[in-house]
Amino acid sequence: MNRILTTKAGSNVNRLRIPWRPFSNDAAPVICPNAGNPEKGSEAEQYDIAIVGGGMVGLALACSLASKPLTKHLNVVIVDSNPALGAKHFIKKDDLPDPRVSTITPATISFLKAIAYIADIGAWRFVEQHRHAYFDKMQVWDYTGLSYAKYNARDADKEVLGCVVENKVLLSSLLSHVQNTELLKKIYPSRLTSMSILPNSSSSEVNSTLSMTSLFTHGRLAKLELEDGNSLYAKLVVGADGGKSRVRELAGIRTTGWNYSQNAIICTVEHAVENHCAWQRFLPSGPLALLPIGDKFSNIVWTMTPKESSDFKSMTEDDFLKAVNHALDYGYGPHPTSSILGGSELFSWLKGGISSSANDCFEVPPKVVKLASERMAFPLSLRHANDYVSKRVALIGDAAHTVHPLAGQGVNLGFGDASSLSSVISEGIAVGTDVGEVRLLKKYEADRKPANIMMMAILDGFQKAYSVDFGPLNILRAAAFHGANHISPLKRSIISYASGELRLPLFA
Amino acid sequence: MASSKLLSQPRWHRLLGTNLFNVRLFSDLASQHPVSDPEPKSNNKFKNTSSTPSSLKEAELAKFAAIADTWWDSEGPFKPLHKMNPTRLAFIRSTLCRHFRKDPLSARPFEGLRIIDVGCGGGILSEPLARMGAIVTGIDAIEKNIKIARIHANLDPTTSNIEYCCTTAEKLVDEQRQFDAVIALEVIEHVADPAEFCKSLSALTAHEGATVVSTINRSMRSYATAIVAAEYLLHWLPKGTHQWSSFLTPEELTMILKHCSIHVREMAGFVFNPITGRWSLSDDISVNFIAFGTKETHEE
């Protein structure tokens, strides 16, 4: 049964601002028309799709719709109070890298290239003009010193394992791309306070007026009310507003999940030499990841207990750098050698082909010499929306699922959602469907939910497996690692899955 | 046997235009005369414009009136039809775009085409066609259907221009209406005289226009699913809803249409996958199938 979904918010919604808001470097004036003029009761407009949340995933959805012939004529608006969306961003090349970065898998790179085929500056080429780092090697090991795994893109016949890009670069490239298209009609620089969707009903008069209000009262449109007093109507509301999604809350969609008792510290560091490899060491209280972001800079994501995270955040820079180098080197445990578990001879009979990286030696990551940004800390959790869609509402990105950052998959799942939803909308338009119809939106859910849940389960499994320090379990973990390092078909599967090319792992 | 339910239910709405003794009920009486001239019921073969005994008609209409409100309830009795709709539309879109040389990548490829939906019911097919840009006319013999269809279509600016009439194909022929495309889905198996019906469809089709007809094949498989399973084993439909003998094979349909100057160009089947719950187009025409033909007459 459809219910009336109306919630009025009396106060501002407390959103997790700190890590996820890219800020512009210039204090340029906001271009959007309503910014200085919040008159109540200004003319409400009607649109096809309202994307609430103008982050990377929301903008990617807009770009994807703009790139498809069947959907590029739609009227789309974005609702996001982030001032960066209205400002003219010029990211200066000599800016220090922002610590908020994302690892983009090859599958996402293909998606971003595909949605930006129009015009001179493709979204991905814009990214390539700014700082970014492709990496083709990865080394994963833990503190027990029992084993390590080196992944090379060549194992799976690829050129790169992924690319690390600052969030603000991705955001401004997607934004400038979509602004060049006809699709995006307006950006509402405000927050969503309430959303109403009424059940379908028919009016008894045959000659009903087609005003927006009457369409709304008969369940054909959703009504959104914003903090600055504006309202708008839309056939479909897309919630791309992050882990604490307001749209999800207003739609009454419940979530399942738990908080990890871990925080992550992120910051940018500098090396004396260039770093071309992604490093991840599982320490007793969580993994420490070192990702190259170009120009001798790397990004650190260090997961640890909340107490440790406040210590690490407040200690001096030198102490912090020392701690990082220690943790990447001999801290917590010895260097792994492969002799403990028999080396590659054990698995030589299983090798599908020679995986050269299995014979690569363990390496110590390059030393960190300087801290190049402030340290930020934020709590980690796993959250999954029980439904991705409801009448006239669809959730994408973190609004639908948040995961542990340990495998760099989070935003890639979001891009996958954006790609799937825009395909489903396009198929619906092809056969004359109303884009807000639940039956159509459920196709998107059926496409993405299993894949997302699978990934989340795997990541959660990793997180749990590594949070226990127990002898036999450590050895088991190490053996699994070892196997993953030496059994080529398995390794190829793992790389392909993590690159976004396989929907399900191990069923290549 | 979930598939059988879903195979036969799409035509359930046609059931309500047919009484249980397979007496043809495509009369226009619903809109005009509440009490019609009684006719001997022993004659089973009625033509399209025949009248039916008022008592039966009242019963049928009453039964139908109860169901008519659920046309647009996508979880209601018409759910299988809603599920099958996108697949039917995909076929129609592809064949009509090719025939009329319209851009398949356009969001409104049927701009400028006059299309008639014969036996439109609540407008499940008419509305998407209108959203694709067509000038749509929907006709149905049951007044309540037309009312429901009109009310629903009025609630969306893109569909509010659909012309709904409670009438029959024959009457429109008399009015000398013509359309670029004539679409009659899941209708012909309930018609007593398919040949006459096709003649009307053909007369409504403009020269070099398109005709699309879908129905159930007369095959062992369709007997097992649409008749035995749906009506006798699972009681999803009252016994006698469909007369297996009045199903048409693709060859028969092609021949009948050919006699009316409509040459069948393409045919496809609808197949239901009970695991995914989706319908898809396929080459399997052994149960549900749809045919696209073009009208070519040598004289104007």
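Chain A of this predicted model has 12 helices and 21 strands. Of the 508 residues in chain A, 58% are buried. The contacts within chain A can also be sorted by separation in sequence: among those between residues at least 6 apart, 81% join residues at least 24 apart.

Side chains of opposite charge can pair when their charged atoms come close. Over all chains, a search of the whole structure finds 28 salt bridges. One of them joins Asp417(A) to Arg448(A), with the closest N and O atoms 2.8 Å apart. This pair links distant parts of the chain, since Asp417(A) belongs to helix 9 (residues 410–430) of chain A and Arg448(A) to helix 10 (residues 438–465) of chain A, 31 residues apart. Both Asp417(A) and Arg448(A) are buried.

Between Lys442(A) and Glu445(A), the closest N and O atoms of the salt bridge are 3.5 Å apart. Elsewhere in chain A, salt bridges link Arg131(A), Glu166(A) and Asp295(A) in a network.

Chain B supplies a further example. Arg108(B) forms a salt bridge with Glu111(B), and the closest N and O atoms are 2.9 Å apart. Arg108(B) counts as partly exposed because its relative accessibility is 36%. Glu111(B), at 43% relative accessibility, likewise counts as partly exposed.

The next subject is the interface of the two chains. Chain B and chain A bury about 1,900 Å² between them, and 60% of this area lies on carbon and sulfur atoms. The contact takes 23 residues from chain A and 22 residues from chain B. Across the interface of chain B and chain A, the rule finds zero salt bridges, but four residue pairs are in polar contact, both residues being at pLDDT 80 or more. On the side of chain B that touches chain A, helix 4 (79–99), helix 5 (126–131) and helix 6 (143–153) of chain B each supply at least two residues. Helix 4 of chain B gives the largest share of that side, with five residues. By residue type, the side of chain B that touches chain A divides into 11 nonpolar, six polar and five charged residues.

An unreviewed UniProt entry lists Glu186(B), Glu189(B) and His190(B) under "binding site". Glu186(B) is found in the loop of chain B between strand 4 (179–185) and helix 8 (194–204). Glu189(B) also has its place in the loop between strand 4 and helix 8 of chain B. With a relative accessible area of 1%, Glu186(B) falls under the 20% limit and is therefore buried. Glu189(B) counts as buried too, because its relative accessibility is 2%. The side chain of Glu186(B) makes a polar contact, at 2.8 Å, with the side chain of Ser214(B).

Technical notes:
Residues numbered from 1 in each chain as written. Chains lettered and ligands numbered in written order. Predicted model: local features only at pLDDT ≥ 70, side-chain atom pairs only at ≥ 80, totals over all residues. Heavy atoms only, no water. UniProt positions renumbered as here; feature names shortened; annotations may be inferred. Helix = DSSP H or I, 4+ residues; strand = E, 2+ residues; numbered from the N terminus. Buried < 20%, exposed > 50% of the residue type's maximum accessible area, 1.4 Å probe, protein only. Polar contact = N/O pair within 3.5 Å; in protein donor to acceptor, adjacent residues only side chain to side chain. Contact = heavy atoms within 4.5 Å. Buried area = accessible area lost by both parts, 1.4 Å probe. Salt bridge = Lys/Arg side-chain N within 4 Å of Asp/Glu carboxyl O. Nonpolar A, V, L, I, M, F, W, Y, C, P; charged D, E, K, R; others polar.
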